[in-house]
Amino acid sequence: MNLPPQVTLVTHPLAQVPLSALRAEDTDTVRFRDALNRIGTVLLVEATRDLPTAPVEVRTPLAMAVGARWQQPLVLVPVLRAGLGLLDGMRQLLPDVTVAHVGIARNEDTAQPEPYYAKLPACLKQSVVLVVDPMLATGGSAIETIRQIKAAGASEVRFACVVSCPEGLDALTTAHPDVPIFTTAIDEGLNEHFYIVPGLGDAGDRYFAT
Ligand code: PRP
Ligand code: URA
């Protein structure tokens, strides 16, 4: 697949090695959670690499130095449930980050997104918003989540996932061409049940041991 310009494939080994653990069917819950946390940290690094900072003066024990501070706040939006699995790894780097929530469940027969919850703070308008979800399959859940976030006033939105596929990337880049996408894998495609192949199975069930 030719990568659309807004898609970044995150090839860092610190993400690719734990991704193998996520995929393996015999990975237990503890190792699955640990691997998803680690990938979350790397995804946050990649998805924020170009965010602008402003200079700030700091006094060291010896002299003044020029440091950096964020120009805009960052808000993380995990798509419930499985998106929560990326959050701990991201909060390792940003312990005080604002977290908003959107709940979407895919209909098991049609794979259509069914929204069931949203808690979106007013600060979305002036923030960079990073939507996170381990899986981008048909793209329906991500498209609906980003629609809600934009409707709430956000103008700068990014999306980070672990496993994607051409169908989901096509759908998301078509629906929201302004949204940069960061993914650690682009798999072959969807099977007849709209699951990513080879994928890793049901991310939410494996993370929450349900
Ligand atoms: C999974 C996954 C994404 C969605 C991806 O969630 O975490 O949110 O499916 O599929 P899509 O791109 O076709 O929309 P699911 O709806 O299974 O809910 P869960 O997180 O509660 O397990
Ligand atoms: N949701 C998942 O958890 N896995 C898939 O492969 C597709 C959607």
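Hi everyone, let's start at one loop: arginine 81 lies in the loop between β4 (74-80) and α3 (87-91). A word on those labels: helices (H or I, at least four residues) and strands (E, at least two) are DSSP runs, numbered from the N terminus. The peptide bond from leucine 80 into arginine 81 is cis, with omega near -5°.

Before going on, please keep in mind that this is a predicted model, where local features need pLDDT of at least 70 and side-chain atom pairs count only at pLDDT 80 or more, while totals for chains, interfaces and linings use all residues. Residues are numbered from 1 along each chain as its sequence is written, chains are lettered from A and ligands numbered from 1 in the order in which they are written, and side-chain values use heavy atoms, leaving out hydrogens and water.

Back to arginine 81. What does it sit beside? Arg81 is among the closest of the 16 residues that surround ligand 1, along with Arg106, Asp133, Thr138 and Ser141. Here, near means that one of the residue's heavy atoms lies within 4 Å of the molecule. By class, that shell has seven nonpolar, five polar and four charged residues. Nonpolar covers Ala, Val, Leu, Ile, Met, Phe, Trp, Tyr, Cys and Pro, charged covers Asp, Glu, Lys and Arg, and the others, Gly among them, count as polar.

Now the polar contacts, meaning pairs of N or O atoms within 3.5 Å. The side chain of aspartate 133 places an N or O atom 2.5 Å from an oxygen atom of ligand 1. For the side chain of serine 141, the distance to a ligand 1 oxygen is 2.6 Å, and a backbone N or O atom of alanine 82 lies 2.9 Å from one. The protein covers 91% of the 500 Å² of accessible area that ligand 1 has on its own, using the Shrake-Rupley method with a 1.4 Å probe.

Which element gives the largest share of this shell? That is β6, with three residues. Both β6 (101-106) and α4 (140-151) supply at least two residues each. β6 runs antiparallel to β7 (residues 113-119), joined by six bridges; strands pair if DSSP finds at least two bridges between them. Arginine 106 has proline 113 as its bridge partner in β7. The two strands form a hairpin with six residues between them, and alanine 111 in the turn has a positive phi of about 65°.

Backbone atoms make contacts here: a polar one of isoleucine 196 is 2.8 Å from an oxygen atom of ligand 2, and a polar one of glycine 201 is 2.8 Å from a nitrogen atom of ligand 2. The protein covers 89% of the 240 Å² of accessible area that ligand 2 has on its own.

Phenylalanine 194, in the loop between β11 (189-190) and β12, has a positive phi near 65°. Proline 198 lies in the loop between β12 (196-197) and α6 (203-208), and the peptide bond from valine 197 to proline 198 is cis, with omega near 0°. For context, most residues other than glycine have a negative phi, and most peptide bonds are trans.

Key: Polar contact = N/O pair within 3.5 Å; in protein donor to acceptor, adjacent residues only side chain to side chain.
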